[in-house]
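Please read this note with the model open beside you. Each point can be checked by eye.

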Amino acid sequence: MIAATLVAFYALYLTSGSWLLLLLAVGLLGTYFVPARLARASSAAWIIRLLAYGSIATLYGSKPGNAADWLFEARAFNVIGLLAAAELVLQAWREPPPGARYHAVIILLSGIVFLAGCNTFDDSFVRYLTPLYIALTILALRALQPRAALDKSAMNKGATHRVPTGYKIHLMRGWLALSLAVTGGAVMHYSVWTYRGELMSWGAQFFRERRLPQSVGMASQPSLGSTFEAQDSPTRVLRIEGALSDDHLRGMTFDTYINGRWEPSFENRNWRDVSLAELHSDMRGPRTRVTRLVGRGGLLFMPLNVAAVIPTEGSEMMRDTTQGRTLRTSDPPPYAYEIILSNQGSELGIPIHQGPLCAPPDAVQHARYLDVPAEIDSRVRALAQRIVRGLDDPTDRIEAVAEYLMAHHSYSRRTRHGPGEPVSTFLLKKKTAHCEYFASAAVILLRCVGVPARYVTGYYAHERAGKNITVVRQHDAHAWAECFVDGVGWITVDATPADGRPDEAAPPVPFWLRAWEWLQDQVSATRDRLANLTRGQLALLMLGVLALWALERWRLSRRQKAPLQTGFTYSAPPADLATLARRFEAWLQQRGLSCPDNCTWQEHLEEKLSVVDSTAAKVFLKEYYAVRFGRPEDQRAVTQLSAMLESLEKQEFVPREHMEKNQ
Amino acid sequence: MKLQETIEQETADLATQNGSRAPAAPTDEYSANLQKIEDNLASVIRGKSESIRLLLIALLAGGHVLLEDAPGTGKTTLAKSLARSIDGIFRRIQFTPDLLPADITGSSFYNPSQGVFEFREGPVFANVLLADEINRTSPRTQSALLEVMSENQVTIEGRRQNLPQPFFVVATQNPTEYHGTYPLPEAQLDRFAVRITLGYPDLDHELEILYSQNDRHPFEALQPVVSCEEVLRLQERIKAVRFDKAVAEYIVRLVAATRDDARLRVGISPRGSLALYRTAQARAWMLGRDYVLPEDVRTLAVAVLAHRIVLDTKAKYGGVPAQQIVEEALEKIPVPR
């Protein structure tokens with residue numbers, strides 16, 4: 001089995017080039033020569049595991065952006081292989097279960113190591129190493145079987161040694177295994193190598209999310225239907241730390257309305273990289289941090305009138321070239337970016353700062369923003385004119401339209417979508433509808449009265465969760481309009497009635513969900529902190545754990561030693577005997593033989609017999625005991641004892657080695 | 001009664017209480033007798049000198065012995081040899097589940113020819129009683145024997161019968177087989193002074209056993225070496241061994257330490273400390289001293305105390321043997337100097 005494992009290690013070494021494997025191979029070979037093993041339930045195994053995994057993580061780990069993607073990086077294979085190899089060596093050093101020479105875990109782990117090493121599909125692997133590995137493994141599997149029964153006939157004939165007939169059969173099996181492995185390997189090589197592209201993409205697809213996501217809960221293409229597209233799901237989408245100038249967080253804008261749908265859809269956009277300068281990223285000011293938690297479209301949400309956008313260091317943002325400067329990134333969630341808000345407002349009471357997201361429309365865009373589609377009923381235009389009669393100022397017109405919508409229509413999440421053009425029906429037949437209708441109607445009406453407007457989808461932030469933190473959920477999805485006013489720029493116009501805005505209409509979040517989210521936050525925060533540890537910090541952490549473990553073991557060993565009870569004294573012997581005892585103890589201490597309290601002097605001297613020759617002391621002790629426990633009142637005996645002790649003290653202390661040398 | 005008077009006379013001037021001087025050192029005669037018994041037993045049971053010495057210590061201390069061992073290690077032989085050596089009556093009870101208390105103590109039989117009820121003594125009227133497999137009989141019968149052990153007399157139908165002196169019980173049980181047994185509750189185990197395990201002999205001694213029993217069992221060649229009265233005298237003698245207060249405190253501290261232990265349901269009772277006291281005296285005397293050393297207490301502690309401990313369930317199944325608890329107590333308590 002060691003041979004098979006070494007082949008696997010070699011395979012991984014070829015792929016990863018990691019010197020750690022050489023170390024592990026030496027460790028594995030060591031099990032062959034050194035008989036000592038760790039006990040099966042030993043706690044030292046966990047410490048070794050921690051050390052091994054920690055060092056592999058420190059040396060080779062990279063922060064995974066997205067777990068599913070990381071699995072297909074070559075680096076991931078290497079790390080997995082190294083971890084498996086480390087675990088293998090650890091298992092080899094443990095006591096095997098009774099009866100087996102190698103237990104199945106080692107074989108499994110060696111398979112994993114080999115597979116990890118195979119991730120390059122290099123030819124040399126498949127043709128030479130794989131058959132070798134498989135053959136060696138099959139041969140090693142013999143070791144798991146109990147030994148073949150003895151050849152009984154040979155024994156009856158009185159053979160003096162056992163004829164290993166079992167070996168002949170197993171050798172046959174070995175050859176069979178080898179040939180099978182070679183043919184199997186060749187077949188596998190051909191098929192896997194030829195179809196490797198398909199296999200990889202299939203695997204990748206399996207791991208990626210199957211559901212093509214709506215762009216974060218909002219339809220990639222809003223269409224006015226019966227129900228509002230955004231689900232009622234309370235999944236958290238954004239976390240905002242800091243203040244917001246405007247609660248409307250725009251995601252995408254649409255300018256063309258065709259048959260109840262807003263175009264262009266998410267897939268039909270042109271994205272191009274945007275530079276930090278375009279985002280005004282060097283601006284100074286209080287930053288608000290937005291973290292996008294879900295969603296693979298990569299859209300970034302922020303108020304229209306931000307002053308600057310600062311992406312995460314090292315990541316790239318892309319900008320929509322045709323539409324109203326919406327931003328997205330290709331980094332997977334969770335993705336954090338910062339925005340700087342501007343306090344600039346106007347007598348309109350709303351923010352009007354024209355930041356990186358507000359570009360004045362060029363002629364083509366201007367035309368599109370004023371274009372009222374043909375299918376809109378002409379009565380709608382009349383209605384629009386009626387609404388803004390007498391008002392010339394664009395801002396007044398906007399106000400009038402918004403007020404009209406809010407006053408004359410009411411909000412409902414469901415609407416019966418009758419035949420005919422949705423917006424016209426909504427406006428003329430005064431249906432109740434959801435925010436998409438309100439936003440579409442606002443855009444159409446405004447376009448009718450000559451205010452360039454576009455349709456915006458995004459989120460409405462309202463839920464405060466702690467000091468300065470706002471949480472945005474899926475059910476806060478919202479739609480509204482943006483209008484361009486000469487002399488001011490782009491401004492946000494929300495025509496949905498108050499009870500239709502997510503702060504009123506969204507269902508409340510149950511407390512257990514909040515608790516669960518809090519827990520998840522703690523976990524991810526810890527994970528981030530751990531992932532961001534430098535190598536030095538990681539090493540320090542592991543050392544700390546090691547130190548704690550050593551401390552605990554030391555304390556346990558101390559405790560098992562049964563601390564001595566103190567706090568009481570025995571009945572004292574007569575004073576002179578006590579003095580003698582103290583003198584004797586001093587004598588012992590001088591010679592480095594101080595006796596612990598829980599054994600008698602005699603026992604202690606017996607223990608130390610190899611170190612020092614204590615016959616004289618033992619003679620004294622015998623007499624001492626006779627007096628102390630036998631006849632303590634005998635003054636003569638006590639005097640004799642002190643004489644003995646004096647002569648003992650005068651004796652020179654000669655350790656036993658010296659004595660033997662001299663003799 | 002004459003014997004009693006003789007003994008009282010001999011020990012009259014012995015003051016054995018703590019703190020005062022005990023004049024009598026073991027004379028050669030007495031220790032020679034003891035040595036004779038020991039040699040006798042050693043000729044029959046090979047290689048178990050420690051266990052034999054413990055047995056004799058228990059005999060001198062006036063206590064009883066529990067022999068826990070696998071079958072076939074020589075328990076019966078040991079008891080029989082002891083009885084032969086002290087020239088005493090040897091009886092053996094093989095306990096079975098259907099044994100009745102009357103089978104132990106004896107009962108009255110109606111003698112039709114004389115028309116009276118006669119008391120027929122049970123096997124308990126012996127000097128050395130071997131109670132074989134005491135854990136195979138019902139608790140009622142067990143308690144009958146144990147009561148006899150503690151009171152040294154049998155009361156049948158209102159009449160008191162004294163047991164022969166010395167009365168020494170060697171009870172045996174197989175420590176591993178529990179199928180169909182009534183294990184002695186630990187409270188009853190308390191009545192045994194010493195628990196001895198013989199164990200298998202080692203290779204050389206087993207060879208000796210094989211060869212020594214080639215022609216006939218060595219037991220048949222045994223001769224009595226002392227008389228029962230001498231044993232009684234020995235038992236009185238050891239009471240003269242001086243027990244310094246410090247050593248007595250040591251015993252008390254040891255036992256108190258087990259009472260505080262959280263792993264024990266019940267610690268060691270004063271019966272245990274008393275047994276340790278007596279056996280320490282016996283050991284000191286056997287080794288030729290007339291004073292007890294802490295060392296005597298320490299060497300006897302496990303044999304005398306370990307079987308009296310009642311372990312908590314967690315400790316029992318957590319693999320903490322009672323022996324370990326006694327050893328820990330020994331390590332914990334400082335030794336008097």
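The points below run from ground rules to single residues.

1. Ground rules. This is a predicted model, in which local features need pLDDT of at least 70, side-chain atom pairs count only at pLDDT 80 or more, and totals for chains, interfaces and linings use all residues. Residues are numbered from 1 along each chain as its sequence is written, chains are lettered from A and ligands numbered from 1 in the order in which they are written, and side-chain values use heavy atoms, with hydrogens and water left out.

2. Chain B as a whole. Chain B has 14 helices and 11 strands. Helices (H or I, at least four residues) and strands (E, at least two) are DSSP runs, numbered from the N terminus. Of the 337 residues in chain B, 53% are buried. Buried means under 20% relative accessible area, exposed means over 50%, and partly exposed lies in between (1.4 Å probe, protein chains only). The accessible surface of chain B is about 15,700 Å², and 49% of that belongs to carbon and sulfur atoms. Such areas come from the Shrake-Rupley method with a 1.4 Å probe; for residues, only the protein chains shown count as cover. Now take the contacts in chain B with a separation of 6 or more: 77% of them join residues 24 or more positions apart. Contact means heavy atoms within 4.5 Å.

3. Polar links across the interface. Between chain B and chain A, 12 residue pairs are in polar contact, both residues being at pLDDT 80 or more. A polar contact is a pair of N or O atoms within 3.5 Å; within protein, one must be able to donate a hydrogen and the other to accept it, and residues adjacent in sequence count only if both atoms are side-chain atoms. The interface also has 3 salt bridges. A salt bridge is a side-chain nitrogen of Lys or Arg within 4 Å of a carboxyl oxygen of Asp or Glu. B:Arg337 pairs with A:Glu585 in a salt bridge, with the closest N and O atoms 3.0 Å apart.

4. Salt bridges inside chain A. Over all chains, the structure holds 41 salt bridges. One joins A:Glu482 to A:Arg454, with the closest N and O atoms 2.8 Å apart. A:Glu482 is in strand S14 (residues 477-485) and A:Arg454 in strand S11 (residues 453-460) of chain A, so the pair ties together parts 28 residues apart in sequence. Both A:Glu482 and A:Arg454 are buried. A:Arg473 and A:Glu517 also form a salt bridge (2.6 Å, N to O). A:Arg473 is in strand S13 (residues 469-473) and A:Glu517 in helix H17 (residues 511-531) of chain A, so this pair ties together parts 44 residues apart in sequence. A:Arg473 and A:Glu517 are both buried. They belong to a network of salt bridges, whose members include A:Arg236, A:Glu463 and A:Asp521.

5. A salt bridge inside chain B. B:Arg283 and B:Asp296 form a salt bridge, with the closest N and O atoms 2.6 Å apart. B:Arg283 is in helix H11 (residues 270-286) and B:Asp296 in helix H12 of chain B, 13 residues apart. Why does B:Arg283 count as buried? Because its relative accessibility is 18%. B:Asp296 is buried at 0% relative accessible area.

6. A buried threonine. A:Thr288 lies in strand S6 (residues 287-292) of chain A. A:Thr288 counts as buried because its relative accessibility is 3%. The side chain of A:Thr288 reaches the backbone oxygen of A:Ala243 at 2.8 Å. Leaving aside neighbours within four places in sequence, A:Thr288 contacts several residues, among them A:Ile240, A:Tyr337 and A:Leu341.
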